[in-house]
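Here's a short tour to read with the model open beside you. Take each section slowly and look for the pieces as they come up.

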Amino acid sequence: MKRLINLTPPRGGRWLLGFVPFLLLGMLYLSLSNARLAENPNDRLLPTPATMAQSFHHLATAENVRTGQIVLWTDTFASLERLLIGIGISALIGLVVGILNGGIPLIRAKLSPLVTVASLIPPMAILPILFIAFGTGEASKIALIVIGVTPFLIRDLQGHALRLPDEQLIKAQTLGASSWQVLLRVLLPQLTPRLLNATRLALGSAWLFLIAAEAIAAQEGLGYRIFLVRRYLSMDVILPYVAWITLLAFLLDQLLAWVSRLAFPWYHAGEGDKS
Amino acid sequence: MSLLSAKRLEKHYGHHVVLENLNFSVEPGEFVTLVGASGCGKTTFLKMLLGTENLSKGSLLLDGQPIPNEPGPDRGVVFQKYSVFPHLTVLGNVMIAEELNSAKLLGKSFGAAKRRAIDNARARIDEVGLGHALHKYPHELSGGMQQRLAIAQALMMRPRMLLLDEPFGALDPGIRQDMHGLIARLWQEQQLTIFMITHDLKEAFALGTRLWVFDKTRHDPQAPEAYGATITYDLPISQDQPSAAFKEALHHGCLQTFTEETFS
């Protein structure tokens, strides 16, 4: 008998095996939902898939009588816009500061403690300050994402820059590189794929900050909608919305992974066969 | 005037003396091989030549000037590993030397300058026999090919001297033979001055024109850090086998264990 760590699932069955937990959860939900609806057909807590599909279809196609907008798309675009701007700004700051901190000891000595302390401030705790400073519009929501995500990106990139072998920096200098050229041709290209990777990990927190900010003050947005319909116990809207957000998050994550593999094949060389 | 000369050169960290009383002068075109037991300061010495370690006392002159205290294009280097850039192809790794020097702002050339850099890089790459792997990344190359690439890269700058820190230490014996042939050929063709650290005494004799043995001449059992290593033997190597007298001397000297390790 082989050891457990040496047993691998058959190739064809892998996909199926991954599907089983989802199937089990789905069946569990259906049975619970059926049980509740059998007792009370007007129960709102565990709606049937048909009800959810109907509500979601309505949100995705029906124009609002007053504004003429379709709720789902307005929400999605508003949220994605905030998320992407926030993540974009964070990534840019993270990359620049991460490279400078990682590459230039004189800058690191000044900035590194500040970044460490800043990364420990719970971003949600300063959300009121952001509302006071930026008002309750877009700026405060984007600022929350930036403040929440940037210190993490900086610390990750700085750490990675410091882990690059000294030999590479010495080698670049023996080829005549100036400090600026070392940052530009050695650190920047090696930290960019790392940035994509770190951004993937940070996307989870970015969504958290976005939805929290939208829940407190917004006129539209995925998080705003969920918290709005909570008042009416509309699980038939909340559950599809959560699934929709999860799908968007998954697609963003895979997009970043795909870009990274395509643009930086050498970075992914060490990764073995992922099952 | 000699290329490199040292007078009473000394290196210590606090009270820990690593190297002491180094005196030598090296002429252009010499191939110096450095041997010695682990931890006896060979690598520290190479780092002083590179400029990443400062000297503590004495003088170390390159072309009559104190050696710069940071790495520069006049001193090429090949390490045992991590010598090439993982994010650049073979061509990119060699081209970058010319690009860094012709494009100060971007470190990247375009148009005619780029074509010129490619041509020069290809010549260097062909010299080390990597012409078939121009567009491969280092992770796709074997250890021997990576070291060939590192040598081609270091030679792009036509350095005054080439520093090799156990460049073939991690390679298979067969590949190592090929690399010996390569480095000996390049040394002759391009009239390089080479300093090479090695653990392999046979390699040191086969390649070098001059052999330096690093060892401690004085030893205080109460304070093992009080005395540093120095060059205990500085011998010219003819292409003949080392003389019996020398082997004898090694055996009788304080190098006994080290010699037995390598010759047996």
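## Chain A at a glance

In chain A, 33% of the 275 residues are buried (that label takes 20 or more other C-beta atoms within 10 Å of a residue's own; 12 or fewer is exposed, in between is partly exposed, and C-beta atoms are placed from the backbone). Keep in mind that this is a predicted model, where local features need pLDDT of at least 70 and side-chain atom pairs count only at pLDDT 80 or more, while totals for chains, interfaces and linings use all residues. As for names, residues are numbered from 1 along each chain as its sequence is written, and chains are lettered from A and ligands numbered from 1 in the order in which they are written.

Chain A has ten helices and zero strands (these are DSSP runs, H or I of at least four residues for helices and E of at least two for strands, numbered from the N terminus). Its radius of gyration is 24 Å, whereas a compact globule of 275 residues would come out near 19 Å (the radius is taken over C-alpha atoms, and the globule rule is 2.2 Å times the number of residues to the power 0.38). Along the principal axes, the C-alpha atoms of chain A fill a box of roughly 75 × 65 × 30 Å.

## Contacts inside chain A

Look at contacts in chain A with a separation of 6 or more: 72% of them link residues 24 or more positions apart. Here, a contact means that the C-beta atoms of two residues, placed from the backbone, lie within 7 Å.

How do α3 (71–103) and α4 (105–120) of chain A pack? Their axes are 7 Å apart, at an angle of about 125° (axes are lines fitted to C-alpha atoms, for helices over the stretch in contact, and angles run from 0 to 180 degrees between N-to-C directions). That makes α3(A) oblique to α4(A), because under 35 degrees counts as roughly parallel, over 145 as roughly antiparallel, 65 to 115 as roughly perpendicular and the rest as oblique.

From α3(A) come A:V97, A:L100 and A:N101, and they meet A:I107, A:R108, A:L111 and A:S112 of α4(A). Sorted by class, that's four nonpolar, two polar and one charged (Ala, Val, Leu, Ile, Met, Phe, Trp, Tyr, Cys and Pro count as nonpolar, Asp, Glu, Lys and Arg as charged, and the others, Gly among them, as polar).

## A loop worth a look

Now find the loop between α9 and α10 of chain A, where A:L233 sits. A:L233 isn't a glycine, yet it has a positive phi of about 55°. It counts as exposed because it has 12 C-beta neighbours inside 10 Å.

A:S234 is in that loop too, between α9 (222–229) and α10 (235–263). Is A:S234 exposed or partly exposed? With 17 C-beta neighbours inside 10 Å, it's partly exposed. Leaving aside neighbours within four places in sequence, A:S234 is in contact with A:R44 and A:V229.

## Where the chains meet

The contact between the chains takes 19 residues from chain A and 25 residues from chain B. On the chain A side, α7 (166–174) and α8 (179–216) each supply at least two residues. That side has ten nonpolar, six polar and three charged residues.

## Over in chain B

Chain B splits into domain 1 (1–74 + 161–264) and domain 2 (85–158), with bounds from an automatic or database domain assignment. Twelve residues of domain 1 touch nine of domain 2. Helix α5 (residues 173–190) gives the largest share of the domain 1 side, six residues.
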